[in-house]
Amino acid sequence: MICPERNLWQAALLLALYDATRPITSAEARRNKSDAHAWIKSGRKDFRRVCEWAGFDPDMVRDAYLSGLVRVENVLTQKQISRMVA
């Protein structure tokens, strides 16, 4: 069953993970990377809610990110990345 709201929150979470793990190519990318890293690392209420609305356990997402298991090539396919930056 397709759930548009869940898809939206999954996209938001994936974008944050992408921003936090992608190579820095500009001042904007550096700022996005820093903001995304701080947001994920903090584990604040808003991060937890986005994870839950996306259908993921926030502690597992945060722990996977902080342990280095989340890498840009594992977050999005090259095709998805190309569409996002185009």
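Start by selecting Arg 22. In this predicted model, Arg 22 is buried, with a relative accessible area of 14%. That value falls under the 20% cut-off, so the residue counts as buried.

Asp 19 and Arg 22 form a salt bridge. Look for the closest N and O atoms, which sit 3.7 Å apart. Is Asp 19 buried or exposed? Asp 19 counts as buried, at 13% relative accessibility.

How many salt bridges does the structure hold? There are 3.

Next, select Arg 44 and Asp 46. Their salt bridge brings the closest N and O atoms to 3.3 Å from each other. Arg 44 is partly exposed, and its relative accessible area is 44%. Asp 46 is also partly exposed, at 35% relative accessibility.

Move on to Arg 48 and Asp 59. Which kind of contact do their side chains make? They meet in a salt bridge, 2.9 Å from N to O. Show the cartoon to see what this pair connects. Arg 48 lies in helix H3, residues 45-54. Asp 59 lies in helix H4, residues 58-66.

Arg 48 is partly exposed, with 29% relative accessible area. For Asp 59 the relative accessible area is 38%, so this residue is partly exposed as well.

How values were computed. Residues are numbered from 1 along each chain as its sequence is written. This is a predicted model: local features need pLDDT of at least 70, side-chain atom pairs count only at pLDDT 80 or more; totals for chains, interfaces and linings use all residues. Side-chain values use heavy atoms; hydrogens and water are left out. A salt bridge is a side-chain nitrogen of Lys or Arg within 4 Å of a carboxyl oxygen of Asp or Glu. Buried means under 20% relative accessible area, exposed over 50%, partly exposed in between (1.4 Å probe, protein chains only). Helices (H or I, at least four residues) and strands (E, at least two) are DSSP runs, numbered from the N terminus.
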